[in-house]
Amino acid sequence: MQNRRPISKPDHAGTHLALYQPEIPLNVGAILRLGACFGMPVHVIEPCGFPFGPRAWRRSAMDYAALAELHRHDSWADFLAGRPAGRLVAMSTRGAVRLWDLVFRPGDTILLGPEGSGLPDTVRDAADASVAIPLVPGVRSLNLAMAAAIAAAEAARQLAAPSQPSRVNR
């Protein structure tokens, strides 16, 4: 019989995920599930490219949507007025820094743009940092939910409490 240590609740030092005008409801659902699993609040900045609501993203969020901490913002200005304290870290294929080179800080908000066009320059320029996930030459970008998961995992890796037990397959 294998001994299993209990896994404590993840502590990602208040990291948030923010989606600027998302266009694909399945990505929003997947990111809500990601937020629920990682304990990261998710902010949706409207308008969305679809009628926003559980009916649109239920299939991908499944029963995790009820566990997610969701914040809706009517506009970019509304988000800025009430956004969480801490840095705004914009994810962009034109990011100035590789994701692996950014040192995440407690309270950072990871901002992702619409699937078709990415973040507009004005939004990206408002961020405290602009990062890119390094990809091989010749490819455009990753799916939004995949990029969110990679960035969330990197932030969680950097900010994890050293006393947290890790899971290792043996």
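Visitor: Is Arg 72 buried, partly exposed or exposed?

Guide: This is a predicted model, and in it Arg 72 counts as partly exposed, with a relative accessibility of 47%.

Visitor: What does the Arg 72 side chain meet in a salt bridge?

Guide: The partner is Glu 46, and the N to O distance in this salt bridge is 2.9 Å. Arg 72 belongs to strand E3, whereas Glu 46 sits in the loop between E2 and helix H2 (54–61), so the pair ties together parts that are 26 residues apart in sequence.

Visitor: How many salt bridges does a search of the whole structure find?

Guide: The search finds seven, and one of them joins Arg 98 to Asp 101, with the closest N and O atoms 2.9 Å apart. Arg 98 is partly exposed at 45% relative accessibility, and Asp 101 is likewise partly exposed at 46%.

Visitor: What about Asp 121, which residue does it form a salt bridge with?

Guide: Asp 121 forms a salt bridge with Arg 124, and their closest N and O atoms are 2.8 Å apart. The two stand three residues apart in helix H4 (residues 121–126), which means that about one helical turn separates them. Asp 121 is partly exposed, with a relative accessible area of 43%, but Arg 124 is buried at 12%. Salt bridges with shared partners also bring in Arg 94, so that Arg 94, Asp 121 and Arg 124 form one network.

Visitor: Switching to the sheet, in what order do the strands come?

Guide: The open sheet has seven strands in the order E3-E2-E1-E6-E4-E7-E5, and the pairing is parallel. At the edges stand strand E3 (70–73) and strand E5 (97–98); each has a single partner strand, so one side of each is left without a neighbour in the sheet.

Visitor: How many bridges pair E1 with E2?

Guide: Strand E1 (residues 16–20) and strand E2 (residues 42–45) pair in the parallel sense over four bridges, and within this region Leu 17 stands opposite Val 42 in E2.

Visitor: Where is Thr 15, and is it buried or exposed?

Guide: Thr 15 lies in the segment before E1, and it is buried, with a relative accessible area of 1%. Leaving aside residues up to four places away in sequence, Thr 15 touches Met 40, Pro 41, Asp 108, Ile 110, Ala 155 and Leu 159.

Visitor: Then Ser 130, which strand is it in?

Guide: Ser 130 is in strand E7 (residues 129–132), and it counts as buried because its relative accessibility is 14%, under the 20% cut-off. Beyond residues up to four places away in sequence, its contacts include Arg 94 and Arg 124, two residues that also belong to the salt-bridge network with Asp 121.

Visitor: How many disulfides are there?

Guide: The count comes to zero disulfides. As for individual cysteines, Cys 37 is partly exposed, with a relative accessible area of 43%, whereas Cys 48 is buried at 15% relative accessibility.

Visitor: Last one, which residues make the nonpolar surface patch?

Guide: Leu 135, Val 136, Val 139, Leu 142 and Met 146 make a nonpolar surface patch of about 430 Å², and of these residues Met 146 has its place in helix H5 (residues 144–159).

Notes. Residues are numbered from 1 along each chain as its sequence is written. This is a predicted model: local features need pLDDT of at least 70, side-chain atom pairs count only at pLDDT 80 or more; totals for chains, interfaces and linings use all residues. Side-chain values use heavy atoms; hydrogens and water are left out. Patches are made of residues with over 30% relative accessible area and no salt bridge: like charges are joined within 9 Å, nonpolar side chains (Val, Leu, Ile, Met, Phe, Trp, Tyr) within 5 Å. Accessible areas come from the Shrake-Rupley method with a 1.4 Å probe; for residues, only the protein chains shown count as cover. A salt bridge is a side-chain nitrogen of Lys or Arg within 4 Å of a carboxyl oxygen of Asp or Glu. Buried means under 20% relative accessible area, exposed over 50%, partly exposed in between (1.4 Å probe, protein chains only). Contact means heavy atoms within 4.5 Å. A disulfide is a pair of cysteine sulfur atoms within 2.5 Å. Two strands pair if DSSP finds at least two bridges between them.
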